[in-house]
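Subject: Structure for you to look at

Hello,

Here is the structure I said I would pass on. Please open it before you read the notes under it.

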Amino acid sequence: MTEPNDLERHFEHTLEKDQRLEPRDWLPDGYRKTMIRQIAQHAHSEIIGMQPEGNWITRAPSLRRKAILLAKVQDEAGHGLYLYSAAETLGADRTDLTERLISGRQKYSSIFNYPTLTFADVGVIGWLVDGAAICNQVPLCRSSYGPYARAMIRICKEESFHQRQGYELLMTMMRGTPEQREMVQEATDRYWWPSLMMFGPPDGDSPNTEQSMAWKIKRHTNDELRQRFVDMTVPQAEALGVTLPDPELAWNPERGHYDFGEIDWGEFKEVLRGNGPCNTQRVECRRRAHEDGAWVREAATAHAAKHTTREAAA
Ligand SMILES: [Fe+2]
Ligand SMILES: [Fe+2]
């Protein structure tokens, strides 16, 4: 019998040496719970995130744009699947996680509760939303939980394709008609602030950050990542020729970073509370898809059972 102390020491040592924890390792309950919650919320965000852009697949303006958008939305489904699998290695049950999502007990990223009103939104989501996701997720490739960190490596590679396709779409539109340029600007105006909210509440208002950093689940604070995103995006907006809707946005030579205006945290909280423009619609759509897919799950289970019986007989 191994003493619990040895197990705890192994856990601490693994973190100190910056190595990965694996499913076979002993994990403190708090770590396991936090990790399951984070991975589940991430998985839910990938799956719910298919909806706003999926909305434009049938109306994409060309075959090329349609093929790109289809590939992107399918990638997001794949991301959700890797992540649910990573959560299962911690003992979570996927059916239970889906139940939690459709009953509103588990969250997903606030950004997907905003509507996609024009095709320029597809470009702006790729540029800003996938761009913010990359800032958040690249450090997670070094997260302390092995299956999560490894899933993140492939996800990040695909996210950079998403970011590029969005930016390329916007570049094309900016070289188009005045109406197209206006569409890009209008979509940027709507998505800029919600993108900054994707990094979560300010550090002073983020009670779990300290523990998550100690466990090396998280590598940077919300405000650090938000600043990195702003610094990376401002020159991209300039190259594109759009204005970011923040009069306080300015380079601060002393800090070596861009200063930016106050985020409307009241809006953020309302969206998290379920009162964003599309919360009900998103969750309802996911519930319907889950119910409509029941026959596939039943058929797969019946098929697997039949196989097992046959093998046993053989
Ligand atoms: Fe994704
Ligand atoms: Fe993406």
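Predicted model: local features only at pLDDT ≥ 70, side-chain atom pairs only at ≥ 80, totals over all residues.

Residues are numbered from 1 along each chain as its sequence is written, chains are lettered from A and ligands numbered from 1 in the order in which they are written, and side-chain values use heavy atoms, with hydrogens and water left out.

Donors here are N, O and S atoms within 2.8 Å of the metal (3.2 Å for Na, K and Ca); water is not among the atoms, so sites may look incomplete. Four donors count as tetrahedral if all angles lie between 85 and 135 degrees; four count as square planar and six as octahedral if opposite donors are over 155 degrees apart and all others between 65 and 115; anything else is irregular.

The iron ion (ligand 2) is held at 2.0 to 2.2 Å by E76 (OE), D130 (OD), E159 (OE) and H162 (ND1). Its site is irregular too, with angles of 85 to 157 degrees among four donor atoms. D130 in helix α6 (residues 120-137) and E159 in helix α7 are 29 residues apart and link distant parts of the chain. Helices are DSSP runs (H or I, at least four residues), numbered from the N terminus.

E76 bridges the two iron ions, ligand 1 and ligand 2, which lie 3.4 Å apart. Both E76 and H79 belong to helix α4 (residues 63-88), three residues apart, about one turn of the helix. E76 is buried at 7% relative accessible area, H79 at 0%, D130 at 4% and E159 at 2%. Buried means under 20% relative accessible area (1.4 Å probe, protein chains only).

Finally, the helix pair. The axes of α2 (residues 29-48) and α7 (residues 146-174) come within 13 Å and cross at roughly 25 degrees, so the two are roughly parallel (angles under 35 degrees). Axes are lines fitted to C-alpha atoms, for helices over the stretch in contact, and angles run from 0 to 180 degrees between N-to-C directions.

Regards

Key:
Buried < 20%, exposed > 50% of the residue type's maximum accessible area, 1.4 Å probe, protein only. Parallel < 35°, antiparallel > 145°, perpendicular 65-115°, else oblique.
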